[in-house]
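Here is a short briefing on one protein model. Look over the sequence and the coordinates, then read the points below.

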Amino acid sequence: MISRAELNNRPFLQLILLLSLCLISVVLFSVVGGVLAAIIYDFNPSNINNLAAPNVIEGMKMFQLFSAVGLFVVPPLTYGLVASKKPFEKLSLATLNKPLNYLYIFILMVMLTPFLSWIIEINANMVLPDFLSGVEQWMRESERKAENLTKAFLTFNGVGSLIYMMIVVAVVPAIGEELLFRGVLQKIMIAWTKNPHIGIWITAFLFSALHMQFFGFFPRMLLGALFGYLFLWSKSLWLPILGHFINNGTVVIASYLYPEFVNNEAATPFGEGSESLMTYSFSFVLSAAILFLIWKVNKSSRHSGLDPESPTKKQVAQL
């Protein structure tokens, strides 16, 4: 039987434990979600391509909700209970941090939106070499299916469906994904590599790769790295959770208020040509300035990002 002290000193065992918990939990919750969707909405997995049927959409929403809870929420919480007597401290949920940080995060996520949309556009227009044309065709077909599903999910029937989708798309992913990736996996990777930068970018890469949306890979990886540094600087998981929630929730609310942007891929609120370039540049400069302010506010409390309970904790970098 491995003790908690041994577990906290061995990143590989931590990773094996985390992956095992994810596998078991996502299978169990997916089965429960699928059964409930079948009972409540008469959902049949063989009809998942029939996005015009309301019962299919509602069934898939329920299935996704349970799967997300099973993959992102339950495993890190269970990991915290197994690895520590103080799971909230283990997962960095006990520290609320400085109130000014939350204001900065809100402004940052709003200001970052135009620049991020530009990166999304660049990534979406990516063209692979000719010898990978078959791979590119498969990737674009997968992306098309994901976009169609997203559009179906973001079609609302009133305030009730808006609240429901905020839970499915914003609340659960923000809490769950940050718990899993920043609260646990990033710490493991930093302890393993002994370098906070490498640990953050490996985690950001895995964060983006898990979503399996190839033409949104780079902007999602950048977001993952951003959340990773926010966590590293602040020592509080609540900051990346808030940033993640604002990012996802903005999409849901914008789709509710302006459905034309969901159904019209060419529509953009950021202008055209030189006007849009100025908007993107302004967005980047302001976002960088706010990031600097966040870094400065948290300068006195920076740390390596290693697990505070690890017996081998060292200050591996001065950021």
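Helices are DSSP runs of H or I with at least four residues, numbered from the N terminus. Glutamate 178 lies in helix H7. The model is predicted, so local features need pLDDT of at least 70 and side-chain atom pairs count only at pLDDT 80 or more, while totals for chains, interfaces and linings use all residues. Residues are numbered from 1 along each chain as its sequence is written, and side-chain values use heavy atoms, with hydrogens and water left out.

- Glutamate 178 is buried, at a relative accessible area of 0%. Buried means under 20% relative accessible area, with a 1.4 Å probe and protein chains only.
- Contact means heavy atoms within 4.5 Å. Not counting residues up to four places away in sequence, glutamate 178 touches Pro173, Gly183, Phe227, Leu237, Pro240, Ile241 and His244.
- Alanine 170 is also found in helix H7. Its relative accessible area is 0%, so alanine 170 is buried.
- With residues up to four places away in sequence set aside, alanine 170 touches Met165, Phe245, Asn248 and Gly249.
- Alanine 170 and asparagine 247 sit 77 residues apart in sequence, yet 8.0 Å apart in space, C-alpha to C-alpha.

**Nonpolar cores**

- A nonpolar core is a set of buried Ala, Val, Leu, Ile, Met, Phe, Trp, Tyr and Cys residues joined through side-chain atoms within 4.5 Å.
- The largest core has 43 residues, and Leu18 and Val252 have the most contacts inside it.
- Helices H2 (11-41), H3, H6 (133-153), H7 (159-193) and H10 (238-257) each supply at least two residues of this core. H7 gives the most, with 14 residues.
- Leaving aside neighbours within four places in sequence, valine 252 is in contact with Leu154, Phe156, Leu162, Met165, Met166 and Val169.
- A second, separate core has 25 residues, including Leu230, Trp233, Leu239 and Ile294.

**Helix H3**

- H3 covers residues 54-83, which is 30 residues. The expected span is 1.5 Å times one less than the number of residues.
- That rule gives 44 Å for H3, and its end C-alpha atoms are 43 Å apart, which agrees.
- H3 has a kink of about 35 degrees, centred on valine 69. The bend at a residue is the angle between axes fitted to the seven residues ending there and the seven starting there.

How values were computed
Buried means under 20% relative accessible area, exposed over 50%, partly exposed in between (1.4 Å probe, protein chains only).
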